[in-house]
Amino acid sequence: MNEKDHRLDDYFVQYSNLVFRNICLYVDYHTAEDLCQETFIRLSDHLDSLKPEKIKAWLLVVSEHLALDYLRKGGSCRTITGLKVEEKELIDPRSDTERIVEELEESRRKGKVLARLKLEKRDWYDALILRYVGSLSDEEISRRKGVKKSLIGKWRQRSQKKLREWYQKEYPERDS
């Protein structure tokens with residue numbers, strides 16, 4: 001084994017539990033195992049360019065990004081090595097508790113806007129939920145709803161636009 005392999009092994013022993021627990025905040029156990037492994041694969045690609053004192057922060061940032069990417073892609077993402085992380089991303093001044101509270105508040109706000117859609121535009125809401133939560137195709141949704149397939153896509157587009165509009169109006173301070 002060369003020096004790089006030994007360093008990678010040492011970092012794995014030192015930080016694998018921390019990285020795994022970080023990922024488990026977002027995804028299930030088995031997915032977390034895969035994403036933890038992917039995190040260390042990416043570390044091997046960047047090991048020579050990272051300062052030793054930045055490794056822990058880099059691992060936490062990359063593992064969080066992998067978990068969020070996985071969720072963003074509906075739990076069916078293909079990992080691609082070579083994620084680049086900016087130095088400024090390595091230090092997050094917020095504590096874990098502060099981040100969790102902010103994320104919970106953000107989730108509550110989004111849930112409130114989504115509940116409004118459910119009340120005001122039930123068909124649009126159903127089209128979104130059946131597609132993104134139920135993983136149904138537009139064709140399957142159109143059969144369930146008894147409407148044309150082309151209408152389902154329009155409902156989804158309109159609902160996304162309406163959700164953005166309501167959210168920005170309700171929470172202008174969060175608009176970036």
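Contact, throughout these legends, means heavy atoms within 4.5 Å. The model is predicted, so local features need pLDDT of at least 70 and side-chain atom pairs count only at pLDDT 80 or more, while totals for chains, interfaces and linings use all residues. Residues are numbered from 1 along each chain as its sequence is written, and side-chain values use heavy atoms, with hydrogens and water left out.

**View 1. The protein as a whole has seven helices and zero strands.** Helices (H or I, at least four residues) and strands (E, at least two) are DSSP runs, numbered from the N terminus. Along the sequence the pattern reads α-α-α-α-α-α-α. Of the 176 residues in the protein, 34% are buried; the word buried stands for under 20% relative accessible area, exposed for over 50%, and partly exposed for values in between, with a 1.4 Å probe and protein chains only. Among contacts between residues at least 6 apart in sequence, 62% join residues at least 24 apart.

**View 2. The largest nonpolar core contains 22 residues.** A nonpolar core is a set of buried Ala, Val, Leu, Ile, Met, Phe, Trp, Tyr and Cys residues joined through side-chain atoms within 4.5 Å. Ile-23, Val-27, Phe-40, Leu-43, Ile-55 and Leu-59 have the most contacts inside this largest core. Two or more residues come from each of α1 (3-24), α2 (29-46) and α3 (55-72), and α3 gives the most, with seven residues. A second, separate core of 15 residues includes Leu-117, Trp-124, Tyr-125 and Ile-152.

**View 3. Val-27 is in contact with residues that include Ala-32 and Tyr-70.** With neighbours within four places in sequence left aside, the contacts of Val-27 are Ala-32, Leu-35, Ala-67, Tyr-70 and Leu-71. Thr-31, in helix α2, has a relative accessibility of 10% and therefore counts as buried. Thr-31 and Tyr-70 are 39 residues apart in sequence, and their C-alpha atoms are 9.0 Å apart in space.

**View 4. Helix α2 has 18 residues, and its N-terminal end is capped by Asp-28.** A side-chain oxygen of Asp-28 lies 3.2 Å from the backbone nitrogen of His-30. Such a polar contact is a pair of N or O atoms within 3.5 Å; within protein, one must be able to donate a hydrogen and the other to accept it, and residues adjacent in sequence count only if both atoms are side-chain atoms. From its first C-alpha to its last, α2 reaches 26 Å, close to the 26 Å expected at 1.5 Å a residue; the expected span of a helix is 1.5 Å times one less than its number of residues. Buried residues of α2 include Thr-31, Ala-32, Leu-35, Cys-36, Phe-40 and Leu-43. Phe-12 lies in helix α1 and is partly exposed, with a relative accessible area of 40%. The C-alpha atoms of Phe-12 and Phe-40, 28 residues apart along the chain, are separated by 7.2 Å.

**View 5. Helix α3 has 18 residues and reaches 25 Å from its first C-alpha to its last.** That reach is close to the 26 Å expected at 1.5 Å a residue. Among the buried residues of α3 are Ile-55, Trp-58, Leu-59, Val-62, Leu-66, Ala-67 and Tyr-70, together with Ser-63 and Glu-64.

**View 6. Helices α6 (residues 138-145) and α7 (residues 149-170) have axes that come within 8 Å.** The axes cross at roughly 100 degrees, which means that α6 is roughly perpendicular to α7. Axes are lines fitted to C-alpha atoms, for helices over the stretch in contact, and angles run from 0 to 180 degrees between N-to-C directions. Angles under 35 degrees count as roughly parallel, over 145 as roughly antiparallel, 65 to 115 as roughly perpendicular and the rest as oblique. On the α6 side, Asp-138, Glu-139, Ile-141, Ser-142 and Lys-145 meet Lys-149, Ile-152, Gly-153, Trp-155 and Arg-156 of α7.

**View 7. Asp-138 and Ser-142 both belong to helix α6.** Asp-138 is buried, with a relative accessible area of 14%. Not counting residues up to four places away in sequence, Asp-138 touches Arg-131, Lys-149, Ile-152, Gly-153 and Arg-156. Ser-142 counts as buried at 8% relative accessibility. Leaving aside neighbours within four places in sequence, Ser-142 is in contact with Val-147, Lys-148, Lys-149 and Ile-152.

**View 8. Leu-136 lies in the loop between α5 (122-132) and α6.** At 15% relative accessibility, Leu-136 counts as buried. Its contacts, apart from neighbours within four places in sequence, are Leu-130, Arg-131, Ile-141 and Arg-144.
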